[in-house]
Amino acid sequence: MATAAWYHRDISRVHAEDLLARAGRDGSYLVRDSESVPGAYALCLLFQRHVHTYRILPDTEGLLAVQTTQGVQVNCFRTLEDLVLGYQHPHKGLVTPLLYPVPRDTDTGDESSGGPNVIIREHFQYWYPFLSVVSVSSTAGEVIGLLNDYLFSELPLDIENVHKGATTLCHLKRTLGAACQGLNSEIDLTLSSLETLAKVFDHPSCTLTTTKAQGPEMEMDTLLCKISALVSLLSSLEKKVLKALQDAVTNHNLAVQPNPPPPEPTPPSVPPVKNNDRPLPVHSFQVKMVRYGRQTVSVDVDTGVLLFDRKAGSFGIERVPHDRILQIVKFQSSPAKVRMVVGSHHNTPREMTFESARKCDSFCHLLQLMRTRHCQRSEPDMVSVFVGTWNMGGSPPPRSLQSWVTSCGLGHTPDESISCLPHDIYALGSQENPQGEKEWTEHIKATLRSYTQIDFKQVAVQSLWNMRLAVFVKPEHESRISHVNTASVKTGLGNTLGNKGAVGVSFLFNGTSFGFVNCHLTSGSDKVLRRNQNFVDVLRLLSLGDKQLGAFDISLRFTHLFWCGDLNYRLDLDVQDILKHVSKREFEELMCADQLTRERHKRKAFLNFTEEKITFPPTYRYERGSRDCYLWQKYKTSGVRVNVPSWCDRILWKSYPETHIICTAYGCTDDIFTSDHSPVFATFQVGVMSQSNPNSGIERAWIELEGIEAIVKTASKAKFFIEFHSSCLEETRRSSENDAQGCDVPGFLKLGWSFKHLPKLLPIMSHMEYLQDQHLLLSVKSCDGFESYGECCVALRSLTGASEQFETFLSHRGEEMGSIRGRVRIHVPKDKRGTREKIYEWFHLEKDDKGPGRGSVSPAVTRVPVNRSTVVPLKLTTSSYTNPAYFIFEGVSVPRQVEEALPQRRDPQVVWSGNEALQLPKVSSARPGFDRRPCRRSDFTEIEIPAILPQCTPSNDLQTGQNSSSYQLFPAKKPSPIPPPSSKVISHYQEQTAKPRDKFQGKNTVLDAIQPESNVRNLYMNHSAIIREKCRRNQHQLHPERTNPVKTTKAPSAFPYTPTHAAHCQASVPWLVDQQPPPPTGDNSLTALQIAKSLSEVDFFPTETRGPSITSQRPGYRNGPSVHGDRGYRWEKEVSVLQGAPETVRELLSSLGLQKYTLGLRLNGWDDLDYFSGITEEGLCAAGVTNPSHRRRILENLPRNWN
């Protein structure tokens, strides 16, 4: 089976479609493992630019058959080779015969996760250090020699046999048989001795018939049989002897009856004290209050009273009970200030400013704890979770780990007044842990007991080699824990060794599902793609949570998923530069070079996971015994290895939308020196649901689906259906086949389901409070192979009411697959619509219209959830999210922004000052090709579109093309028509798109043709857009008679978007305009074809160019990585003014009079200005710049010298 090049094992569906798209010929085919049925296969066949997928299922006898159309005779085959050979003939039920096999992708390099050569190389690298230190002169020298010969001589042969489909390792069996020859005689002698002992206690002995072994397989089978018999005999013999001794003792006790001792007096019973009712001291805070000046505010948690000491003599101390505090308001721009509403909402609020943001967070935490203790509720609304990760480096831990579990050290740490308060849940992951499970868990429990006086209960512990994950809860929560699951995944050495991999624990806390993952990914600075693949393997192979959610990866199986471990992502920066930034505590600059941050922004790993802002130094690689210096040179037998200081140890999380979760701490310890890694910790406040009871009553709630549309990244023409999963539903429901389908853009398929094709969903409970906390999991599956093409999660909280619209993205195997949206109506009986305020809803966040200040924003404040508004085409909110290709199809335009209402997010590199573009300093880099801009999604494969203010409704913001390629699920009532484009413009676009894509074209995609209204400003312009705008304005001032080239055509440009390196990009529409609004200039969006190219990474060249696409809007979204790119990059250096600097390599060379070298540099990959800034003299020579003076002139004028 595996000898054929067309068999691709477990590659993803998307990868298979990409390979077939590259092949491009009708009849191209490949076979892969099925994603829906274990043990089945999927036959993927290309015909007329569409991929057709057929399931290959085995029957009870192991015969393989293809599921074909109805009426076609089913043919059975014994092997895949026979099946493929049989379907190479026509009229067999397929759309076309199997003509051209598509081989495996061989251009994988060192980052490949498969292939015999890679596995052999990894195997040698892993085992050679162990074999090299073993003394061959020892008693096991002969066995070590046999193993050494196998690893270096016969292992490649076994791997090659496995690659060809072998199911046994003949060379390994031969080696083991030779190594275990002496065991046969030893086992025979031991068995005969044990049989004699068994006869003493009348135990039946198991006699083995000795057969002469022939060949290595028979010899190993005989040996294993003897070992099994020995184990069975030892186990049963111990039980037999124990029973005989117990009988003897019992008979002796019956013969001699001693007088019973007098009963001891029982001590008086003391009622147990609840752990959460432990007395707490009164904590005081110094604050400044409006009208009253400086005061002392004390929180008495035990009595539930807030004390205000005004120190004025006549006023005395004011006591405010907890039930009179109606609301606490926190400020995003002022994290050290809160506003408190006391008594009535009509009273004047009390504004208090604390000494620091930490003191303010501590005060709010104590208020929340006071409210929880005195709320008289049987079930909690919120729990506190501690997550820790530590690579122990193979060394035993210190006697106390208190600084780790109390979150003391560096970074965002809690105030000392609350640091020793116990958390409800502790999840501690470790790597390279030399201790066993029992020893490690007892050590943790002893540490927790030493400062909390609570005996925490162990939920579960899971190990994989030296990886451990232990979870503990308070004793009072033990009865609330259920459905505990554990699992592990190996990712080392071709997913066969457990030196790398992941362990996981999951459980239900009342009605809330929790998942915890601890992983150790591939090491090495250059193994970024391998680490990404490790993450994907863990995501789809770790078997945790509800088994009915098998179609979803673990990122969608839990309400809250916490992911920690030694992720091993490094910093792509020179060691000396890293040390310089660390010494200055410039961590934000270093995050630009962090591999994990870049991969998340490129959406290649940890899609839509969240990580708190890092404010602590890199946790690897320290000198053991201190934390004074980094030991970045590692001496190994193969040579010196450079391990630059990096944030290898990380903690991320992903939660369902519209749930409550706040990261209250994220840092590392500074007093645990036994390892070269520092322990990392993070704490969270997490909202939880109560246990649900089935419906009682006649009238029930139901969920009505009025219509759903989806855009899926695929080249298939199959029909699709949607599966609906949720813990609130009585059963899993399934829709009918889609009744609308279109494919106007290659690589994307638009699907639609009307009301009558969608099921009616019945929840198990009808209370509004219960339904608001529930979520629906949707999976879009094909009708041919029943494989999932995308999954998503939809929150019901914002859908309770009239007909509401939802929209979100689709993902599969950690990759974004498209978008989905629809309308939902939830019907709730009138008598069950009441709700109550949750504990965490006591706090509210007030956003400043001017956005956050330049100071550091408290992470606890930024995590306060805000309910997401519903999204409609004409009014888009900043917290919604869709795939960029979605709005291209839908025809939704980009509303404008008002200058006075500045968005919270702005590009940290560039600002406008009057008519000047101010360039902020960049991080210097010694490595060529290092992108020193802050990592934003527009730097990679996605398009960043400005955020939209919901209250701004432009007058002419919806434009609909006259062609049929523009889709709209909910069209506007009065769309503005777009005149048809001129043929000259379209032919010009065809000429541009017919050119091959350059090497770095997909890395810097810019939306540079949005027309704002009068007196507006877009703050999301990148470097190229700003320079282009400045050049345009300078040209207008020098040549006022020159008009806009778009206006001179008297027809709007159909495709005004061009990549940044295009020669005609200066003719694009300006970002900033004069006071008079310009007339309409047509489509201002990226074409859907370009979107399809950037998302699918496959070059499609359709035979027919469609009409103009529509202006698109890409709002920000809540849990994605770009949220965390917003929160920093503060620069305190002096800015410099850019005076007409070039924006492309061609413009740079033209300004120097060296444009003749443009073609040579472009052919060598130096076509992007940001990458070109890192070129060296050797690179210029290789690109054909032979004149030394020309090379010197180019190097002296590179962009890195403009700052």
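Colleague: What percentage of the residues of the chain count as buried?

Modeller: This is a predicted model, and in it 54% of the 1203 residues of the chain count as buried.

Colleague: How many helices and strands does the chain have?

Modeller: The chain has 28 helices along with 42 strands.

Colleague: And what share of the contacts comes from residues 24 or more positions apart?

Modeller: Among contacts in the chain with a separation of 6 or more, 71% are between residues 24 or more positions apart.

Colleague: Let's look at α10; how many residues does it have, and what does it reach from first C-alpha to last?

Modeller: Helix α10 covers residues 437-452, which makes 16 residues, and it reaches 22 Å between its first and last C-alpha, close to the 22 Å expected at 1.5 Å a residue.

Colleague: Which residues of α10 are buried, and what covers them?

Modeller: The buried residues of α10 are Trp440, Thr441, His443, Ile444, Lys445, Thr447, Leu448, Tyr451 and Thr452, and their cover includes helix α9 (402-405) as well as the strands β16 (425-431), β17 (457-464) and β18 (467-473).

Colleague: What follows α10?

Modeller: Gln453 follows α10, and its phi is positive, near 55°.

Notes:
Residues numbered from 1 in each chain as written. Predicted model: local features only at pLDDT ≥ 70, side-chain atom pairs only at ≥ 80, totals over all residues. Heavy atoms only, no water. Helix = DSSP H or I, 4+ residues; strand = E, 2+ residues; numbered from the N terminus. Expected span 1.5 Å × (residues − 1). Buried < 20%, exposed > 50% of the residue type's maximum accessible area, 1.4 Å probe, protein only. Contact = heavy atoms within 4.5 Å.
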